[in-house]
Amino acid sequence: MKFVPTDKAITDALRYMRVPSEGRNDELVRTVVEAFGRLEGYITPRCVWGRFHIVHFDGGIELEGEYIYSNDIARLTARSDECILLAATLGHETDRQITLAQNRNMLDGIAIDACASVRIDAYIDEFMKREIVPELRKNEHLTHRFSPGYGDLKMTVTEDIIAILNATKRIGLTVTYSLMMTPIKSVTAITGLFHKH
């Protein structure tokens with residue numbers, strides 16, 4: 001399905017570019033829209049996910065033998081016995097094209113980088129709606145998703161998610177010693193499952 005940037009997507013991209021709302025103009029909007037268009041020519045979005053039982057303890061959760069210490073995740077999953085783990089990427093070519101664009105024209109490079117960040121979130125939203133939501137059981141709902149690096153959820157949890165999902169083999173997602181994901185335009189996340197009657 002072709003991605004058509006909404007006004008929100010454009011606004012989010014400009015925010016990633018650190019453009020204040022009063023600094024928005026037609027030229028910048030055009031640059032962002034063109035960047036979104038170019039992205040579609042080389043992104044290869046892929047996502048893997050799984051459903052896992054969780055055990056709560058004071059200050060975190062345990063899943064698949066991994067202890068995740070995070071008050072934020074404890075609160076997110078307070079009503080949950082299970083969670084969804086997911087890992088998604090736009091692919092290595094996206095990283096390469098961002099670097100090439102930055103070497104040619106810094107503004108274009110910044111715009112494509114920002115648009116790629118918006119694009120992967122939009123891809124995950126669409127993937128969850130298409131692939132995960134239909135698999136939910138009766139009266140089952142999802143919390144919002146939470147990624148390592150947000151709140152008190154440490155970046156090291158990225159490695160746990162990738163290992164549990166076997167995302168390196170399945171979609172080529174790895175983590176460097178400095179905890180940077182490669183491809184860079186990738187996301188890992190935890191989403192709680194709860195029942196609402």
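Buried means under 20% relative accessible area. This cut-off applies to the close-up views below, all taken from a predicted model.

**View 1. Aromatic cluster of F57, Y67 and Y69**. A search of the whole structure finds five aromatic pairs. In the pair of F57 and Y67, the ring centres are 5.7 Å apart and the planes stand at 50°, so the pair is tilted. F57 belongs to strand β2 (residues 55-57) and Y67 to strand β4 (residues 66-69), so this pair ties together parts that are ten residues apart in sequence. F57 counts as partly exposed, at 25% relative accessibility, whereas Y67, at 52%, counts as exposed.

**View 2. The largest nonpolar core.** This core has 38 residues, and those with the most contacts inside it are L14, V32, F36, L39 and I124. At least two residues each come from α1, α2 (26-39), β5 (82-89), α4 (92-104), α5 and β9. The most is given by α5, with twelve residues. Beyond its neighbours within four places in sequence, L39 is in contact with T94, I112, C115, A116 and R119. A second, separate core has 22 residues, including I54, I68, C83 and I171.

**View 3. The largest pocket.** The volume of this pocket is about 600 Å³. Its lining consists of 20 residues, and Y150, M181, I184, S186 and V187 lie nearest the centre. Two or more lining residues are given by each of α5 (106-132), β6 (140-146) and β9 (186-195). By type, the lining of the largest pocket divides into eleven nonpolar, six polar and three charged residues.

**View 4. The second largest pocket.** About 220 Å³ of space lies in this pocket. Its lining is made up of F3, T6, K8, A9, D12, R15, Y16, V118, D121, A122 and D125. Both α1 (7-16) and α5 supply at least two of the lining residues, and the largest share, five residues, comes from α1. The lining of the second largest pocket divides into five nonpolar, one polar and five charged residues.

Terms used: Residues are numbered from 1 along each chain as its sequence is written. This is a predicted model: local features need pLDDT of at least 70, side-chain atom pairs count only at pLDDT 80 or more; totals for chains, interfaces and linings use all residues. Side-chain values use heavy atoms; hydrogens and water are left out. On a 1 Å grid over the protein atoms alone, a cavity is a set of points where a 1.4 Å probe fits but cannot get out, and a pocket is an open set with protein on both sides within 12 Å along at least five of seven lines; lining residues have an atom within 4 Å of a point. Grid points are joined across faces, edges and corners, and a volume is the space filled by probe spheres set on the points. Helices (H or I, at least four residues) and strands (E, at least two) are DSSP runs, numbered from the N terminus. Ala, Val, Leu, Ile, Met, Phe, Trp, Tyr, Cys and Pro count as nonpolar, Asp, Glu, Lys and Arg as charged, and the others, Gly among them, as polar. A nonpolar core is a set of buried Ala, Val, Leu, Ile, Met, Phe, Trp, Tyr and Cys residues joined through side-chain atoms within 4.5 Å. Buried means under 20% relative accessible area, exposed over 50%, partly exposed in between (1.4 Å probe, protein chains only). Contact means heavy atoms within 4.5 Å. Rings of Phe, Tyr and Trp (its six-membered ring) pair if their centres lie within 6.5 Å; planes under 30 degrees apart count as stacked, over 60 as edge-to-face and the rest as tilted.
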